[in-house]
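Open the model in your viewer and keep the sequence panel beside it. We will go from stop to stop, selecting a few residues each time.

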Amino acid sequence: MAMSKILRMRKDLGVTSYSPVIPFSLIPLVFKLGLEALLSNSKLPPVAPITAWEQVSSEIRYLIDHHERYWWRTCGYALAILLRNAGYTRIAQVRILNFFARRIMNNLGVANEPGSQRWKSFMTDDNNPIELSWDWHTGVERPTVRFSIEPIGLDAGTPDDLRNEQAALEFKQSVLRALPGTDMSWFDHFEAFFSEGVDCSPAEGHSSKVFWAFDLGEKELTSKAYFFPGYRARATNQGNLQVISEAITSAPSCTPEKLGPFNQFAEFVNEHERMGRPALELDMFAIDMIDCSKSRLKIYFRNRQTDFRSVRETMSLLGRVTGQDMDVGLRQLRELWESLFDHEGKSEDTPLGQASHRTAGILYNVEFRLGGQAPKAKIYIPVRHYARSDEHVMKSVSRFVDRQAAKQFARNKLGQRAETAVGNNNGDTRREQTPAEQIAPVSAAYAKAFSTIFTEDAISGSRGLHTYIACSIQSGGALRVVSYINPQQDKFKQVPPQ
């Protein structure tokens with residue numbers, strides 16, 4: 001039908017305004033031209049790709065309550081930032097955040113809001129029930145992220161659940177459903193042993209009984225458990241070391257011939273006491289939730305002496321662990337220690353500043369496996385009590401890890417031909433990276449993560465975001481370094497929208 005005839009018909013019907021009529025044959029062309037014009041003239045900014053945290057948020061938005069939403073928007077968000085900056089794949093980020101969203105945040109208790117009656121968790125000094133960590137390894141490997149929690153029920157500390165007992169069983173069952181490969185044989189033994197006939201004595205300085213930790217691998221998650229022997233020690237009028245000894249010797253597979261490393265540690269504790277030193281405080285006992293033959297047993301203890309000479313003696317277990325690796329590692333540790341506390345040029349007998357808190361002093365652990373040769377010590381430096389600021393801690397650790405990694409690259413002859421074109425059988429002529437180029441993204445990534453989560457004032461003007469800097473001596477004397485982080489919500493730069 002002719003266009004003029006269509007227009008006359010519309011006018012005869014009283015239609016005085018109308019849209020132009022386009023023949024069907026022209027619609028595809030008109031649509032194509034219009035779309036091209038829209039795209040070419042559009043001033044809209046490109047849409048940013050959705051993050052892993054945003055993806056999981058959209059999936060759980062209508063499934064979580066007020067308290068869970070609080071923990072997701074704070075600790076879940078901080079965890080997501082660390083994972084992304086540590087270089088986890090998108091698939092791994094989503095998997096880990098889903099685990100946190102569906103298994104963890106409903107076990108952190110009530111939201112940390114004014115007027116709320118919160119359980120006083122021993123996890124952190126301000127009772128935050130979660131601690132995050134960034135494992136630098138020795139600076140060469142890709143960093144990994146971990147977190148530890150105390151499972152807490154919504155009624156914990158109230159008359160309905162005075163000792164926070166309701167969350168324990170529910171959380172254990174939840175973890176087993178999510179991680180069916182978890183080995184519970186040692187957990188069940190030690191949980192029963194340390195809980196038998198005990199009360200949450202205020203003399204311990206806290207009421208926490210079990211912590212859980214999760215190592216977040218690219219492909220799998222593994223768990224650890226932490227127990228407090230002090231309750232049973234007080235209930236049975238024994239020392240903590242004796243209670244730990246009884247717990248270990250009665251555990252499955254722990255036959256006497258396999259406990260040589262533990263016996264060495266017990267000898268160290270007893271010798272330390274005979275020397276008239278301040279008593280070592282054996283606070284925690286921990287296990288890996290894997291097959292007993294592969295699991296580590298770990299004993300955490302606190303030394304109120306804070307001079308580096310005592311650090312040297314404790315890391316070597318009063319000379320029981322010696323060798324070149326130990327000598328090199330202690331020199332490395334001294335370097336980091338001096339940087340963290342501005343102790344350059346000071347005697348190793350110089351103590352850190354005064355701090356009377358329950359968690360003051362230096363925390364250590366020894367770890368060993370059944371049938372092992374010797375226990376291995378690890379130091380947890382409580383920078384939250386003694387360092388100048390979180391910014392200073394961050395810069396000191398980053399500089400140390402960068403320098404250590406550069407030395408390792410140099411020893412392995414990596415990056416020596418930085419400006420030389422390297423060819424291979426495929427004709428690849430990409431330039432090798434210098435050590436600085438290979439290292440910088442790791443330390444820069446940590447700084448970026450921290451500045452994304454927390455305010456500049458919180459980082460530069462106070463301390464407490466970093467709880468511990470942990471160091472263990474590896475083969476060759478390199479230090480494996482871990483930064484432990486308290487995600488204090490009042491120091492967040494922003495809280496993402498609900």
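A polar contact is a pair of N or O atoms within 3.5 Å; within protein, one must be able to donate a hydrogen and the other to accept it, and residues adjacent in sequence count only if both atoms are side-chain atoms. Keep that rule for the stop at Arg 296.

This is a predicted model, in which local features need pLDDT of at least 70, side-chain atom pairs count only at pLDDT 80 or more, and totals for chains, interfaces and linings use all residues. Residues are numbered from 1 along each chain as its sequence is written, and side-chain values use heavy atoms, with hydrogens and water left out.

**The whole chain**

Show the cartoon. The protein chain has 16 helices and 10 strands. These are DSSP runs (helices: H or I, at least four residues; strands: E, at least two), numbered from the N terminus.

Now switch to the surface. The accessible surface comes to about 24,200 Å², by the Shrake-Rupley method with a 1.4 Å probe; for residues, only the protein chains shown count as cover. Carbon and sulfur atoms hold 52% of this surface. Of the 498 residues, 50% count as buried. Buried means under 20% relative accessible area, exposed over 50%, and partly exposed in between (1.4 Å probe, protein chains only).

Contact means heavy atoms within 4.5 Å. Among contacts between residues at least 6 apart in sequence, 70% join residues at least 24 apart.

**Stop 1: Arg 296**

Select Arg 296, in the loop between strand S5 (281–288) and strand S6. Is Arg 296 buried or exposed? Arg 296 is buried, because its relative accessible area is 16%. Its side chain makes a polar contact with the side chain of Asp 288 at 2.8 Å. Another polar contact, at 3.3 Å, joins it to the side chain of Glu 367. Beyond residues up to four places away in sequence, Arg 296 also touches others, including Lys 224, Ala 286 and Phe 368.

**Stop 2: helix H11**

Select residues 308–315, which form helix H11. Which residues of H11 are buried? They are Phe 308, Ser 310, Val 311, Thr 314 and Met 315. Look down the axis of H11: the buried residues fall within an arc of 150°, so they line one face of the helix. The arc is that of the directions from the helix axis to the C-beta atoms. An α-helix has 3.6 residues a turn, so residues three or four places apart point the same way.

What covers this buried set? Among the elements that do are helix H10 (260–274), helix H12 (324–341) and strand S9 (466–473).

Next, check the ends. Asp 307 caps the N-terminal end of H11, with a side-chain oxygen 3.2 Å from the backbone nitrogen of Arg 309. Just after H11, Leu 317 takes a positive phi of about 55°. Ser 316 sits in the loop between H11 and H12, and counts as buried at 11% relative accessibility. Leaving aside neighbours within four places in sequence, Ser 316 is in contact with Val 321 and Met 326.

**Stop 3: Phe 268**

Move to helix H10 and select Phe 268. Its relative accessibility is 0%, so Phe 268 counts as buried. Phe 268 and Leu 317 are 49 residues apart in sequence, yet 6.0 Å apart in space, C-alpha to C-alpha. Leaving aside neighbours within four places in sequence, the contacts of Phe 268 include Leu 280, Phe 301, Thr 314 and Leu 317.

**Stop 4: two loop residues**

Select Asn 164, in the loop between strand S2 (144–149) and helix H6. Its phi is near 55°, a positive value in a residue other than glycine. Asn 164 counts as buried, at 9% relative accessibility.

Now select Ser 253, in the loop between helix H9 (240–249) and H10. Ser 253 is not a glycine, but has a positive phi of about 75°. Ser 253 is partly exposed, with a relative accessible area of 41%.

**Stop 5: H3 and H4**

Select helix H3 (residues 52–60) and helix H4 (residues 66–85). Their axes come within 10 Å and cross at roughly 145°. Axes are lines fitted to C-alpha atoms, for helices over the stretch in contact, and angles run from 0 to 180 degrees between N-to-C directions. Show the side chains where they meet: Trp 53 and Ile 60 are among those of H3, and Trp 72 and Tyr 77 among those of H4.
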